[in-house]
Amino acid sequence: MPPRLPLKGFLAAARSALTAPPAQRSGPLTLVIGNESADLDSLCSAVVLAYIRSNASPHTLHIPLSNIPRSELVLRTEMTAVLKHAGLAPTDILTLSELPDLKPEDTQWFLVDHNALTGQLQKFQSRVIGCIDHHVDEKITSLDVKPRIIEPCGSCMSLIIEESRAAWDAFPAPETEDVAAEDDRLARLAFAPILIDTLDLKEQHKVKEKDIRAAEYLHTKIHPHRFSQPKFFEEVTAVKEDISQLSFYDILRKDYKEWEESGLKLGISCVVQNFDYLLEKAGQPSVFIDELAAWAKERKLDVASVMTTSNPGGEFQRHLLVWGITDKGVAAANNFPGIAEKLQLEQWHDGVLDGDDGKRKAWRQKDLSSSRKQVAPLLREALKNVDGTPQS
């Protein structure tokens, strides 16, 4: 087996391959990409999987790609913090801004943290060669793709570690401190999203056996005297939850995903502070509502939604807002509560954020087990039922 590339050198090689003139390519580019919200799980999963597969199969360079333009990478402050632990910086990461104009036949794609390409990348869907994800199966990626791992798990990274640990263990045994340090850096990059997505493996309704196994395995790769799991979790969490310097525009687009169903467009922004925090930042409810309205207009949404997670006084909470913007969007929003009974929705703060003639409603979501992975399919179902008859 050829010498193992260090992480930084691997990313430099990936950049060179992605930006090289077409005449210098010996075959299709193999790209590994997470979902368009580009959260920590998506960003780290793409890098870790691409690195392991590139070193395990050195004749096929896997290029990790962040599913956002470079201008948005600065909003992922938690990623910057995690990259430091791996001896990396945001400038080492590849984004959509570096993606050249490629024909589908000049590419092959491996999806992590989602199972169907979206937006401008949909044209490459027929070129998907692999998928590891923990969301609802969109049933778009071919069943013949291998691996095709789509199952519930606290973090997509845990599924990647489960799938890749044999390849990682097959790397040449560390002979020098440098090689051992490389394992340590890669393990920290892998550990971060698992801890963040499962609240340090303490969010019982989210944690699966594979999350626990992944964490145990990663501990064997990390230098024990230089790593504290609780401190690492607290450090990354503190950076992630500090949105005090962000504008509302940046808050709403920081962790954002959108879908189209039955000709209607749904957008969901996830925020790491609750509505109390957002209204305090706004000064008055109308300021926050106006900002959300402007965002919905820019994205041309029929239904706009905001989901929050917070931990006031040590109590984990979820808040949810759904706003029907267009006429059909209003019909979809009205369908939602009946479809979403499992979420155990209770009106938030006596309806402070409700309004627009009943088109906008905010709730405290008592079902804490349902994140965007579970709520988005319910909202999409509400869009499908706008005409009164469920659509296949």
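How much space lies in the largest cavity? About 30 Å³. The model is a predicted one.

## The cavity

A search of the whole structure finds one cavity of 30 Å³ or more. The lining of the largest cavity consists of Leu11, Leu43, Val47, Pro64, Leu65, Ser66, Ile93 and Leu94. Two elements, α2 and β2 (62-65), each supply at least two residues of that lining. By class, the lining has seven nonpolar residues, one polar and no charged.

## The second largest pocket

The second largest pocket has a volume of about 280 Å³. It is lined by 14 residues. Of these, Ser26, Gly27, Pro28, Leu29 and Leu61 are the closest to the pocket's centre. The lining of this pocket divides into six nonpolar, seven polar and one charged residues.

In soluble globular proteins, nonpolar side chains tend to be buried together. The largest nonpolar core in this model holds 53 residues. Ile161, Trp168, Leu189 and Leu218 touch the most other members. At least two residues of this core come from each of α1 (7-19), α2 (40-56), α4 (77-85), β3 (107-112), α5 (156-169), α6 (177-197), α7 (209-219) and α8 (229-241). Helix α2 gives the most, with ten residues.

Take Ile161. Leaving aside neighbours within four places in sequence, Ile161 is in contact with Val48, Trp168, Ala190, Ala214, Tyr217 and Leu218.

## Helix α10

Helix α10 spans residues 275-282. Within this helix, Phe275, Leu278, Leu279 and Ala282 are buried. These residues lie on the same side of α10, because they cover an arc of only 95° around the axis.

What do the buried residues of α10 pack against? Their partners are the helices α9 (248-254) and α11 (285-298), together with the strands β7 (264-271), β8 (303-310), β9 (317-324) and β11 (360-365).

## Glu78

Glu78 sits in helix α4. Is this residue buried or exposed? Its relative accessibility is 5%, so Glu78 counts as buried; the cut-off for buried is under 20%.

Not counting residues up to four places away in sequence, Glu78 touches Leu40, Val236, Val239, Lys240 and Lys254.

Conventions: Residues numbered from 1 in each chain as written. Predicted model: local features only at pLDDT ≥ 70, side-chain atom pairs only at ≥ 80, totals over all residues. Heavy atoms only, no water. Core = buried A, V, L, I, M, F, W, Y, C linked by side-chain atoms within 4.5 Å. Buried < 20%, exposed > 50% of the residue type's maximum accessible area, 1.4 Å probe, protein only. Helix = DSSP H or I, 4+ residues; strand = E, 2+ residues; numbered from the N terminus. Contact = heavy atoms within 4.5 Å. 1 Å grid on protein atoms, 1.4 Å probe; cavity = no way out; pocket = protein on both sides within 12 Å on 5 of 7 lines; lining within 4 Å. Points joined across faces, edges and corners; volume = space filled by probe spheres on them. Nonpolar A, V, L, I, M, F, W, Y, C, P; charged D, E, K, R; others polar. Arc of directions from axis to C-beta.
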